[in-house]
Structure formats: structure tokens, C-alpha cells
Amino acid sequence: MKSILVTVEGPIGIGKTSLARELSQAFSLELLEEIVYENPFLGKFYENVAEWSFQLEMFFLCNRYKQLQDIHTDYLRQGISVVSDYNIFKNTIFARRTLSEENLPKYLKIYDILTEDVPQADLVVYLTASLDTVMRRIAMRDREFERNMDVAYMEQLIADYEAFMEAFEQKHPDIPVLKFNCDNLDFVHRAEDLQHVLGQIEQRIRELRGETDKP
């Protein structure tokens with residue numbers, strides 16, 4: 001059976017980690033969670049985006065690069081499939097929004113070098129929702145460093161994700177993208193919503209793994 005990498009993506013607070021954990025359990029996938037709390041620049045970034053964005057993005061990039069190296073060696077090459085609650089392409093979405101004209105070209109050069117040979121996703125699960133839904137879910141989880149979240153920043157981030165994913169699907173027609181609008185889906189609190197989402201993802205995972213139904 002072929003090993004695959006499934007990535008779950010979407011704006012802050014949309015439920016990426018929750019869904020990745022459910023996928024890990026449902027389909028026996030090794031779970032990879034992004035490093036968030038360990039980033040020493042996160043709180044400062046939300047207080048002053050312009051001053052701390054480069055430090056924040058470089059920390060995330062280097063840690064995500066190391067994680068992808070490790071899963072390639074420890075799991076994918078050993079025939080073990082992985083689900084991650086992020087895709088490393090998210091770095092460019094955030095960087096293009098937050099970095100200065102001076103720092104962005106430098107950052108993108110480093111990004112291209114580091115990601116040249118990291119494992120790419122076989123399936124992208126893309127979660128999206130309206131600004132109201134995203135802000136409500138951010139407030140519900142009540143992380144201290146997100147309490148100063150700028151609404152205008154989040155609104156633009158949601159739009160940035162939409163534009164990026166549209167371009168991504170055109171550029172990578174060989175990588176399937178499953179999109180779920182979470183305005184009317186709450187797979188964290190409603191079991192029927194979770195089963196609906198898992199059912200659609202399961203079909204793609206089975207296809208990518210080369211599994212066939214038993215007679």
C-alpha cells in the first residue's frame with residue numbers, strides 16, 4: 001500500500017488541528033502538528049505585525065522544513081502515511097501579506113531553496129469560512145496571543161487563502177483539493193458533520209493509497 005501525505009489547510013481558527021487528529025484516528029495516519037506555541041515571536045507579532053513578521057515567518061519556515069524532513073525519513077519512506085495540520089505553502093500566504101518589500105524577496109529565496117526537495121502533499125483538505133465564523137471560533141478557543149487579533153487582518157487573510165488556493169489548483173492539477181465550507185459545518189461539535197467530512201475524504205485517501213474494495 002502506497003504511503004501518502006495529507007495536509008489540512010485554512011485560515012487561523014478554522015479547525016485544522018481538530019480535523020487532522022480525527023483523520024489520523026479514522027484512517028491510521030501518523031499525525032504531524034505544526035509548532036505554534038514554541039514560536040517566541042507570536043505574541044509580539046500580533047501586537048506589532050510590521051516589526052516582528054520576519055522573525056516570526058523565519059521561525060515557522062525553519063521548523064516546518066525540519067518537520068517535513070523528519071516525516072520523509074521516519075514515515076513516508078517507510079511506507080507509513082501521514083496527515084499534517086498544515087501545508088508548508090502557507091508560509092508564502094502569510095509572508096506576502098506581512099513582510100516588507102525589503103524582506104519578502106529574501107524570504108521567498110530561502111523558501112524556494114528549503115522546499116525544493118521536501119515531500120509534497122498527495123491530498124490537500126482546504127477548510128474555509130466567513131469572517132464571522134472564523135472570529136467566533138477564535139474567540140471560543142480563547143488563546144491568549146490571539147485575543148488582540150485584528151479583524152481587518154483576518155478578513156484579508158481569508159481572501160488571501162481563497163486567491164492562493166484558486167491559483168494552486170490551476171498550477172497543480174495533479175494534486176486533489178477537497179474544499180469544505182465550515183459556515184454550516186461543525187465537525188468538532190456535531191458528529192453527523194464529522195462523518196460527512198470523513199466520508200468524502202476517505203474516498204480520496206483510498207484512491208491515493210491504491211486500495212480497492214474487497215469483494
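**Group meeting: one predicted chain, from the whole to single residues**

The accessible surface of the protein chain is about 11400 Å², and carbon and sulfur atoms hold 47% of that. Accessible areas here are Shrake-Rupley values with a 1.4 Å probe, and for residues only the protein chains shown count as cover.

Before going on, the ground rules. This is a predicted model, in which local features need pLDDT of at least 70 and side-chain atom pairs count only at pLDDT 80 or more, while totals for chains, interfaces and linings use all residues. Residues are numbered from 1 along each chain as its sequence is written, and side-chain values use heavy atoms, with hydrogens and water left out.

Now the chain overall. It has 8 helices and 5 strands, in the order β-α-β-α-α-β-α-α-β-α-α-β-α from the N terminus on. The radius of gyration is 17 Å, close to the 17 Å from the globule rule for 215 residues, so the chain is as compact as a globular protein of that length. That radius is taken over C-alpha atoms, and the rule is 2.2 Å times the number of residues to the power 0.38. Helices (H or I, at least four residues) and strands (E, at least two) are DSSP runs, numbered from the N terminus.

Along the principal axes, the C-alpha atoms fill a box of roughly 60 × 40 × 30 Å. Of the 215 residues, 48% count as buried. Buried means under 20% relative accessible area, exposed means over 50%, and partly exposed is in between, with a 1.4 Å probe and protein chains only. Among contacts (heavy atoms within 4.5 Å) with a separation of 6 or more, 76% are between residues 24 or more positions apart.

Next, helix 1. Its 12 residues, 16-27, should span 16 Å at 1.5 Å a residue, and the end C-alpha atoms are 16 Å apart, which agrees. The expected span is 1.5 Å times one less than the number of residues.

Which residues of helix 1 are buried? They are Lys16, Leu19, Ala20, Leu23, Ser24 and Phe27. They cover an arc of only 145° around the axis, which puts them on the same side of helix 1. The arc is that of the directions from the helix axis to the C-beta atoms. The cover over these buried residues includes strand 1 (5-9), strand 2 (30-32), strand 3 (82-84), helix 4 (90-98), strand 4 (123-128) and helix 8 (191-209). Just after helix 1, Ser28 has a positive phi of about 55°.

On to single residues. Glu9 lies in strand 1 and is buried, at a relative accessible area of 0%. What does the side chain of Glu9 pair with? It makes a polar contact of 2.7 Å with the side chain of Tyr161. A polar atom of the Glu9 side chain also lies 3.0 Å from the backbone nitrogen of Asn87. A polar contact is a pair of N or O atoms within 3.5 Å; within protein, one must be able to donate a hydrogen and the other to accept it, and residues adjacent in sequence count only if both atoms are side-chain atoms. Beyond four places in sequence, the residues that Glu9 touches include Lys16, Phe89, Val125 and Leu127.

Ser84, in strand 3, is buried as well, at 1% relative accessible area. Its side chain reaches the backbone oxygen of Tyr86 at 2.9 Å. Setting aside neighbours within four places in sequence, Ser84 is in contact with Val6, Thr7, Val8, Ala20 and Leu32.

Last, Asn103 in helix 5 (residues 103-115) is partly exposed, at 21%. Its C-alpha atom is 38 Å from that of Leu208, 105 residues apart along the chain.
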